[in-house]
Every structure is written in C-alpha cells, then in structure tokens.
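Study the sequence and the structure, then work through each solution in turn.

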Amino acid sequence: MGASPDDASASSPRPSLLVLYGSETGNAQDAAERIARDANRRHYRCDVLAMDDYEVTELPRASTALFVTSTMGQGDPPANMKRFWRFLLRKSLPAASLAGVDFAVFGLGDSHYQKYNVAAKRLHKRLLSLGANPIAPLGLGDDQHPTGHEAALDPWLRDVWTSLRAKYPLRDGERDPADGEEATALERCRYSVEVVDDADAADGVDKRGNKGKWWRKHVASEMPTTPELCAAAARRTRFGTSSSTRCLYSPGDSVAVLPTPGTSTGGQKACAAAAEELLRRAGVPSDAWITVRPNVDGGGDALEPAMPAMTLIMGALDLTSASPRRYFFEVAAHFASDAAEKERLTYFASAEGRDDLYRYNERERRSVIEFLDDFKSVNLPLPWAFRVAPRLRARLFSLSSSPSSHANELHCTVSLVKWKTHYGRAREGLCSNYLARLAPGASVATWIVPGTLRLPPDASTPMIVVCTGSGVAPFRSFAHERAAMRARGDKLAPTLVFFGCRHREHDCLYEREWAVFDEPRGVLAGDVDVPGAAPPADAPADGPRWFVPAFSRDAPDGSKDYVTHRIIAHGARVWAMIAAGASVYVAGSTGRMPEDVSDAFEAVAVRHGGLDAAAARAHFARMDATGKYSVEAW
Ligand SMILES: Cc1cc2nc3c(=O)[nH]c(=O)nc-3n(C[C@H](O)[C@H](O)[C@H](O)COP(=O)(O)OP(=O)(O)OC[C@H]3O[C@@H](n4cnc5c(N)ncnc54)[C@H](O)[C@@H]3O)c2cc1C
Ligand SMILES: Cc1cc2nc3c(=O)[nH]c(=O)nc-3n(C[C@H](O)[C@H](O)[C@H](O)COP(=O)(O)O)c2cc1C
C-alpha cells in the first residue's frame, strides 16, 4: 500500500516512512495500516509492506523504518517475515550496515506464552547490532491486556511521532492532529464494488453462481464430515477424503477449517439476515450480483468473477460472531447520519475512548450485526464493508487421526467454546460450534497445515507426552501411528502420557482407546525396556500404567489435581525416561499450562537428576533448542 501526502513542493526534505510488518492472522498488519494512516495525517508519505514483500537489500537506503511484528508458534516469526529475517541474520552483514536507518519496533504477543514477543525482541536487538538508530523504545503489545495490543501501541506511537517531529518540524500551514481528533477524510477505500446486471453475471466462470475463482484460489479442498460425540464438551469431526491420507499429512500436522456458518443449517438464517441487512444499508438489492475489485494502488484480493452479493458476503465476511476492529468504528463514524451516533463512534475510535470501546465491543464479543442494530444510522457502503468488516478466518485443529491407521479419513478433536460475557450474554466460538453442528455428509473447506510436533524418527526413542483437554489430539495420532509402526515390525520404546481434564465422566477424551493402548505390553508400554521407567510395582493391577490422568475437579474434598502434580508424583520415572533420551511433548490450550509444566519438569530434574535449579533450566533449554522438548499451545 502506498500512502501519499504530496511532498513535491516540500521546502525541506521529509523522509518517506517505511512500515514493515510480519503478521500471521492480521493483527500486526492492522496495526501497521493504522500507523500509516496516522503518518499520513502527520504529513509523512508512507509505504506499508509485509517484510517478505520488501526488497531487504534496499533497507540500508531507507531513512526511517517502523517494524511491527507478532510472534507465532513457540516464539517464531510470522510466515511473511521469515525470508527477511533469515537475511538479517546473515553473519556476513557488516556491523554498521544499517547505520543510516532510524527505526522503531512494535511487537504483538501474548504474555501467556513462554516466549513472549520474542520475534519483536530479537528483531529490535538485531537492528541495533547492525547499527540502526532507535527513535523509540521497543513497544510490546499483549493480548492479555484488557484492551489488547492497542494499550501499548498508543503510547509507543506517541513516542515515535514526537521523535520524528523533533527531527522533521512542521512546515508553515501544517499542524499535527490533536489526540482523539477525528480524521477529516478517510483513506481511499482499497476495494471497489460493481453491481453487475444478470447478463454480465451469466458470463461468469461459475454459472451456478455459488463459488467463483476466489473460492477455488483460497480453498484447497472440501471434505464431507461426520461429527461424533467423544466427550460432553468436545466433538470429534471425521473428514472423509477421496484419496489416501498416507501422503496427505504426518502425525502432528493440523487441519485448517474455514467456517462458513452461512452454509450450515444452524447458522444459515442468522447469516442470511445479517447479509441482507448489510446490503439494505448499502443500498444494494439483496438479489444483486457483484464484483469486488482491488483499487490498483490500494492492494487486496480480487473477488471475482461476479457472484451473488449474498453468497459473497456470507462466504467471506463474519457478521454474526467476530467483533470488528477499532478502524471499523472510525469508518462507521464517517457514515453515521445521526449526530449522537457519530459522536459516540468518533469517541470509540479515539485513544481516550479505547477502554469504553473495549467494554462495548471486544469484551461483549459484539458482532457487526449487533452493531448495526445499535447504530441504526450507519449506512456502510459495500466497498467499505468489505474493507473493515471482519473476514471469516480459518481455525487450526491438530489432527487426531493417524495417516497409517485411518485410511481416507482425517479426525480432529474439537472442544466446544462457549462462555458468558461480562453482562451475561451467552457467546460461542464460531468454528468449534460450526463443526459440532454440521449435518453428517456436509462439506467443509479444509487444508493441511504442517505442525510443530513431530514423532521421533526412531520408534525406539521414548516419549513423554503432557496434554490437557483437546491437546490430546496430536498424541492420539502419535499413539495410533506407533501402533501401526509396531505392526510393521518396529520395536517401540515406552510412551508416558499425562492427560489433564476436569471430570473423568464428561471430559476424559478417548478413555477407552487409552485403556487399550495402556494394557500390559500395549503400545504405551512398548517393547524396549527403559530402566526405572516402569510403573511402580505396588501400582494397582487395574490402575493406569503409562497413561496417567489428572482430573482437576473430581476430588471429593475439592482439592485440585493437575498434570503438573502427576509429573512430580511420577518424577523418578520421568527422569529415568529423560535420562534415556526421551522426547518431551506438551500440547493444549494456553493459560499458564506450558509454563507450569516446564517448572514441574525442572523440579523433577532437581529432585531426581541431582541438578541445581540453573542447571535444570539449562537442561530443558538445551532440549528445546535441539527439538527434544516441543510445545504446541493455543
Ligand atoms: C496449532 C493449533 C492447533 C489447534 N488444535 C486444536 C485442537 O486440536 N482442538 C481444539 O479444540 N482446538 C484447537 N486449536 C484451537 C482452534 O484453532 C480454535 O482457536 C478454537 O477451536 C476456538 O475457535 P472458535 O472459532 O470456536 O472460537 P472463536 O470464534 O475463535 O472464539 C475464540 C475467542 O473467544 C474468546 N473467548 C473464548 N472463551 C472465552 C471466555 N471464557 N471468556 C472470554 N472470551 C472468551 C477469546 O477471545 C477467544 O480467542 C488449535 C489451535 C492451533 C493454533
Ligand atoms: C498459534 C499461536 C501461537 C502464538 N505464539 C506466541 C508466542 O510464542 N509468543 C507470543 O508472545 N505470542 C504468541 N501468540 C500470540 C500472537 O502473537 C498474538 O495473538 C498476535 O496478536 C497475533 O498477531 P498477527 O495476527 O499479526 O499474527 C501466538 C498466537 C497463536 C494463535
């Protein structure tokens, strides 16, 4: 995206700002675009690009570069900055190669992750080591803050603008906007929408009008599904594939699912009503066919050929579940005809309205359709609706099937996300509930995404697995795959599984399968003896051996039993397996779980391995660095 206050008549040179982002799910890109809009209002030209779309060898010639990046995976840079980052890490780059570049870095992360904001921290450090000049301290946005990363972005941006203004003063007749001042003009919308008549539409590639090029470009495959109950709060979704799954994926991979509630029986009515309302406000008939095109220098995907507006909106926009971002409110303020609504929206979009916006919007998980109901005078033109309304986005699910054991099927194990908001409104996660409600045989848009958890290449490597809730998914895949390896003649080392959930009765996922895997000489016990790792001799004959559950809410006295307690209780076995070269895996939803688990392992190393605390930490850091300790948390 190029942004452009005209500086041809400038009396003194003012730099063009370069805003480079690394973003996986769009938050950092959104922040980068906001920085560019702010920059324009402060009379700077600005170019905004994903880091990998920028010619990195040009960087030494940039005078001012602002970097915005999230951290993904377990402390990894997002996919669209990986090439850029690899280049910056080259040892051959001279120490002063960026001496002429002023820079600032803003990170987006989540302090529940152990490697909090490390991509931004590493980038900041590397830019310093290459001689670049910081114009603001490293800014760190945290998903855990009640108002998200915006809480840190506002003060960071203030520092950046102050520093730049000191270097590049205003010229005669110019002024900077005051805090909270409404933008007088919107940027040029990056989309244009053309309503086409039926004759043109009939020439479209997809004459049925359901799915055009856009759909085929973005969606790799559609698979028929069978939702099944596997515990009260979770469902297993079975996807049938027409080809063998053997070469489709490896254990540890995930399936991405694009929820389209507008096509499901449960969501169809609400989504259609929302799309109709959006079209009514935009003044477009609900039976219109439309083409959405990017404006040439505005960027964005082309959504063509023409297709029914209702189909496109229901297939691309999330109007009934996700909360819109702050920019939505800024744009909505422009299109509000009622003065009171305009004033409220302008306040929401301002820095001082941030907390109230959070209380109205994110905390209540307010959807676009609910917003339209509250703000009756907002008539968003369709191009702007495509620009600022939340997009339907895919969610990942670790595959719980094994390519060797479940031919022509992919399984995922889905926890249903449901909660009550601060004001007691019942909300639910879009994709988990969409999957749970699918009618058997319904088709779903899916594609495979490589995971970070990998079975050791050698079946004789012991494994320790720690998981909570649906975090069991990749390890069910591992267990089935190892069973298949054994059937092919491999000798298995033991696998020790710690599984945590609330109640045995409702939440113990795949309990019967684990009971079979945990039989004497079963897949978990394996064939290769690891001295000191066997279950205690006095363990009850019918009790768990290698599958060790922790039910946190079942104790009659109300005490809590977590996987961390079980790891410590089985510490001698755990250490025996680690000493024998076990690979350790942790998976499940975030919170403090991965951190607590690593603390428990360190405590085991101190107690049973005779290490001091620092040596224990160093031991697991080494395992992490060499791929022997892997975490997948969500
Ligand atoms: C690599 C990877 C593997 C994964 N594997 C699995 C898996 O095997 N099984 C599985 O079930 N999930 C898995 N997930 C998570 C999954 O991708 C989805 O994030 C999850 O299913 C929720 O999606 P949803 O669409 O139902 O909820 P969304 O519509 O995305 O809503 C989730 C959001 O709702 C809000 N929210 C949720 N609960 C509350 C609450 N109590 N209070 C306030 N706000 C709340 C939060 O903002 C949360 O981010 C995985 C994620 C990743 C990244
Ligand atoms: C699968 C996943 C892994 C993540 N890993 C980390 C992490 O290791 N460290 C961190 O600070 N934040 C982590 N986060 C939080 C993201 O950095 C944060 O949500 C950010 O706003 C995402 O920005 P993006 O949409 O631009 O990618 C993770 C988020 C997800 C969904």
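A polar contact is a pair of N or O atoms within 3.5 Å. The model is predicted, so that local features need pLDDT of at least 70 and side-chain atom pairs pLDDT 80 or more, while totals for chains, interfaces and linings use all residues. Residues are numbered from 1 along each chain as its sequence is written.

**Exercise 1.** Determine which backbone atoms lie in polar contact with ligand 1.

*Solution.* Step 1: an oxygen atom of ligand 1 is 2.6 Å from a polar backbone atom of Leu 396. Step 2: for Cys 431, the distance from its polar backbone atom to a ligand oxygen is 2.6 Å. Step 3: a nitrogen atom of ligand 1 lies 3.1 Å from a polar backbone atom of Ser 398. Step 4: the protein buries 66% of the 990 Å² that ligand 1 exposes when taken alone (accessible areas by the Shrake-Rupley method with a 1.4 Å probe).

**Exercise 2.** State which strand gives the most residues to the shell around ligand 1.

*Solution.* Step 1: strands are DSSP runs of E with at least two residues, and helices are runs of H or I with at least four. Step 2: β14 (395–398), β15 (409–415) and α14 (430–437) each supply at least two shell residues. Step 3: β14 gives the most, namely four.

**Exercise 3.** Describe the order and pairing of the five-stranded open sheet.

*Solution.* Step 1: two strands pair if DSSP finds at least two bridges between them. Step 2: the order is β21-β20-β19-β22-β23, with parallel pairing. Step 3: β21 (547–551) and β23 (629–633) are the edge strands, each pairing on one side only. Step 4: β22 (583–588) and β23 share five bridges, and Gly 588 has Ala 633 of β23 as its bridge partner.

How values were computed. Chains are lettered from A and ligands numbered from 1 in the order in which they are written. Side-chain values use heavy atoms; hydrogens and water are left out. A polar contact is a pair of N or O atoms within 3.5 Å; within protein, one must be able to donate a hydrogen and the other to accept it, and residues adjacent in sequence count only if both atoms are side-chain atoms.
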